[in-house]
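Colleague: Can you walk me through the rings and the surface of this one? Keep it quick.

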Amino acid sequence: MTITEWPRTAVEPDPDTASPAAVSGTSTPVSQTTDAVSETAEFVSETESGTGTKPSSGKLTGTQKWAAGAIVVAALVLAGIGLYLSFEHVAIFAFEELRFGSLGKGQLFAVGVDVGIMVMIAVDLLMAWLKRPISWIRYPVWLLTAATVVLNAASGAPRDRAWQLLDYVAAGAHGVVPVLFIMVVELGRTSIDRVVRPDQAERDSIPWLRWVLAPVATSRIFRRMRLWGVTSYPEMTRRDQELIAYEQWLKRKYDDDISKASEDELLPMKMAPYGYTVAQALAMPDEQERAAQEREEDAERRRLDAETRSEVAKAESAAERLRAKGKVELVQAEVDGETGQARAHARAQVSAAERAAELEQQALDNAVVAEARAREAEAERKEAQERKTAAAADLEAAELERQAAQKRKDAAEADRVAAAEAGAIETERIAEARKAAAEADRAAAETEKAAAETRRAAAEADRKKAEEDSRRAAALADIARSQQEAAEAEKAAAETRRAAADIERRAVETEDAAKLKPRERNVRRVARMILAAGGDADRLPLADIQRELAVTSPGTASEYRQEAAELLADGYRPEQ
């Protein structure tokens, strides 16, 4: 027969009795051994133990209810008798011996103790009825009841003589009724608990005969039953029998020298005080090794799981980084595209502004050259006109001189003829000749006067022409001055546009370096437009913003202008 090969017995272990856990901390019992040492008959029955293990499943019948009611009435009568007997003795003893000062105070003391006992008993029974029993409440009840017994016994003690046997009997008689009442209360409490909780495991009591025949061994059994929650007395006796039989078997195996046994073989004796059966103690090494192996397997499994989770986390992290990198590259591509478009647009604007400035400068230069040429042509024309006018005046004066000379010549010829004929012609003819000469002189004078009048008219015409030429020259000078001012204004505007183009180019370069978003670029462009308009946001029309930024909504243009004004208020300048 091996260590664990035990004969079967009819006594089965209590299934409600939980076997202790293994030393390794396993959550399940090592075994539920049904073996017994020998085929010993069940010498302990439910009648012998005094308690039943099978609860009644039916409800109380009418007769049972009447019986229960009668028991309750009898218990109340017993309580009343006990209170009555105890009250007077305790009150008088408290007044006379305990120095309460007056009989009334002694009576209050007695009432207080009795009422306290009754209240705690009532609470104990009520909580048992509600399936929520309070186990510790019975101990104060027992203590107070014992105090009343002592007080009652002390009240009947002899005072002026020594104690005699009858005195002891009398003192004991004072405690009979209170003890009976406590027993009835405990009986009622247990009955209520069994009625309201029929499925609760019952704790067997050890037969009194065993206490008498083997008090030491029975006390050990009682201690182990209470310590390790073994409710079945037959189960406990079976375990004790197994342990004794196993010890005898070891002695037979090693010739009465158990010290030769191994540590594993001695486990049942070592673990018996801790509630282990023989089979459970012998199975402990295997269970511990299996538990250790399971712990190692669990640790290895957890390590592999941790490595798997770590690899999965790394893979997920790498995938997340790749997704984030893809998103960043996508956003960067979008930003680069928008930045490239903005840069190309800005370069186109700068190129257009520079080309416009060059064309304006070229037009300005052409205008200046044309104006200079016009002034030179006008001066040449004026000089030619003056020469022509002077030549015409000289020609007319020469013609008048010629006519006057001709007339003087004719007059001289007439004088010569008159002088020549003076000697040959008669006085009358001389007179006629002189008359003709005088007439010729008068005609010459008139001609001279006409010539002078002609010269005066020519001079007046020259003066008027000179005034007209002067006015024309002043008008031409005003026109030239206006054209020059316009050219200078165009040149200044071209310079302003060139400077604005340079500022725009630098601003675009700065925005490219800062990697601004398109909306931020548009806000800064509107800010530069506000500065170009004089610094007042209200002076910049929304139509210019719509045209410049290619937006169709006036609300969007207004938002751009508002944000640009706030940006300028914060100190933004294109030079920065």
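Modeller: A term to begin with: buried means under 20% relative accessible area, exposed over 50%, partly exposed in between (1.4 Å probe, protein chains only). Trp142 is partly exposed, with a relative accessible area of 36%. The model is predicted, so local features need pLDDT of at least 70, side-chain atom pairs count only at pLDDT 80 or more, and totals for chains, interfaces and linings use all residues. Residues are numbered from 1 along each chain as its sequence is written, and side-chain values use heavy atoms, leaving out hydrogens and water.

Colleague: How many aromatic pairs in the whole structure?

Modeller: The search finds 5. Rings of Phe, Tyr and Trp (its six-membered ring) pair if their centres lie within 6.5 Å; planes under 30 degrees apart count as stacked, over 60 as edge-to-face and the rest as tilted.

Colleague: What kind of pair do Tyr139 and Trp142 make?

Modeller: Edge-to-face, because their planes are at 90 degrees, with ring centres 5.3 Å apart. Both lie in helix H4 (residues 138-155), 3 residues apart, about one turn of the helix. Helices here are DSSP runs (H or I, at least four residues), numbered from the N terminus.

Colleague: New topic. What sits over the ring of Tyr572?

Modeller: The charged end of Arg524, 5.6 Å from the ring centre. The cut-offs are NZ of Lys or CZ of Arg within 6 Å of the ring centre and within 35 degrees of the ring normal.

Colleague: Where is Trp211?

Modeller: In helix H7. Trp211 is partly exposed, at 35% relative accessibility.

Conventions:
Helix = DSSP H or I, 4+ residues; strand = E, 2+ residues; numbered from the N terminus.
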